[in-house]
Amino acid sequence: MEELSDKNILVPKHLQESDLSQECKDLITTLPLQKGLVIATLHQYQGFWFSPNHLQGVLSCQKHFQALDTDIFLVTSPKSGTTWLKALSFALINRNKYPDIHRNHPLLTTNPHDLVPFLAGLYYDKDFVPDVQTISPPRLFSTHIPYELLPKSVKDSTCKVVYLCRDPKDTFVSFWHFVNKIIPQSSEVLPLENAFESFCKGGSLFGPFWEHVLGYWKKNLESSEKVMFLKYEEMKMKPNFHLKEIAKFLDCPFSREEESKGVVDDILNLCSFEKLSNLEVNKTGKMSYGVENKAFFRLGQVGDWKNLLTTEMIEHINTITEKKFVKHGLSFYNLRNFN
């Protein structure tokens, strides 16, 4: 598999609303809108909330993207372990291409988000359709797109989808911290209470959070060979076990020889929060759209919500989560344990 670069695909920078296609502009005028936590407005399309640029990316990739049976899609709700999943999957899929994991590995010099592109982000530009056919299989993409809105070719093919979810309390807290890192210094810190209320009502980017999770959970129950459903908390508890399970799901299991040589542990160490966050590229580099790489590395812990949310907030979001998930057989082991 080849990493994406300017030689393969031109990844457009963050666009202004004036750069939207006429189709997207016309659609937006018909959609419900609300004030966003980062972007000025979010628009509700088929039950989910998008910024104008994200909506254009979704519509364009629905129209133009053709999935291959060998494709791999890494899916998360924002701030649910996306960076970690990208790093692990890239290292896993490319372990034969980069056998010396301690030297000359792309993750040592490149942020995981630059190695595994966001699918919708490739289609932001109204005047540009990327030629993703130039990427050697298996092609590795990431997305926050809800299952219901994935391109038809993704749903119809036998490609693999790995979905990683996270306790909504930690998801919200991580997103709140992230937003306050990337907003201009001249701006005021986003009020926690306002952001929490919006999140709980479902008005978050690519949200509602619960519907986003349930879309992939239901598909996993229906077709486990197509969608693998993972929980961030469980991966943190047993990373070795889950990395091997991901490898099996992606049809590239570790051999006994690889396990005996410590390949699994080497990948986990390379992709650990401690290792990635201390690399120079992730301390000083920037994404093409201006966000500093270090913004993607804060704590990477389970249960950080205890340090920010009030007892009332915790009870409120737990109640929503149980009401939404339990009837579908989905639960989080730590939902009540850390109160």
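Modeller: Strand E1 is joined to strand E2 (residues 41-45) by three bridges, and the two run antiparallel. This is a predicted model, in which local features need pLDDT of at least 70 and side-chain atom pairs count only at pLDDT 80 or more, while totals for chains, interfaces and linings use all residues. Residues are numbered from 1 along each chain as its sequence is written, and side-chain values use heavy atoms, with hydrogens and water left out.

Strands here are DSSP runs of E with at least two residues; helices are runs of H or I with at least four, and both are numbered from the N terminus. Two strands pair if DSSP finds at least two bridges between them.

What packs against E1 (33-35)? The buried residues of helix H7 do, and they also pack against helices H6 (168-182), H8 (209-222) and H15 (311-325). Contact means heavy atoms within 4.5 Å. Buried means under 20% relative accessible area, exposed over 50%, and partly exposed in between, with a 1.4 Å probe and protein chains only. In H7 (residues 192-200), the buried residues are Leu192, Ala195, Phe196, Ser198, Phe199 and Cys200. After H7 comes glycine 202, with a positive phi near 95 degrees.

Another strand to look at is E7 (residues 227-231). Five of its five residues are buried, so E7 is largely enclosed by the rest of the structure. Val227, Phe229 and Lys231 point one way from E7, Met228 and Leu230 the other way, and all are buried. E7 runs parallel to strand E6 (residues 160-165), and five bridges join them. In one of these, lysine 231 is the partner of cysteine 165.

Last, the whole protein. It has 15 helices and seven strands, and 56% of its 339 residues are buried. Of the contacts with a separation of 6 or more, 75% are between residues 24 or more positions apart. There are zero disulfides, a disulfide being a pair of cysteine sulfur atoms within 2.5 Å.
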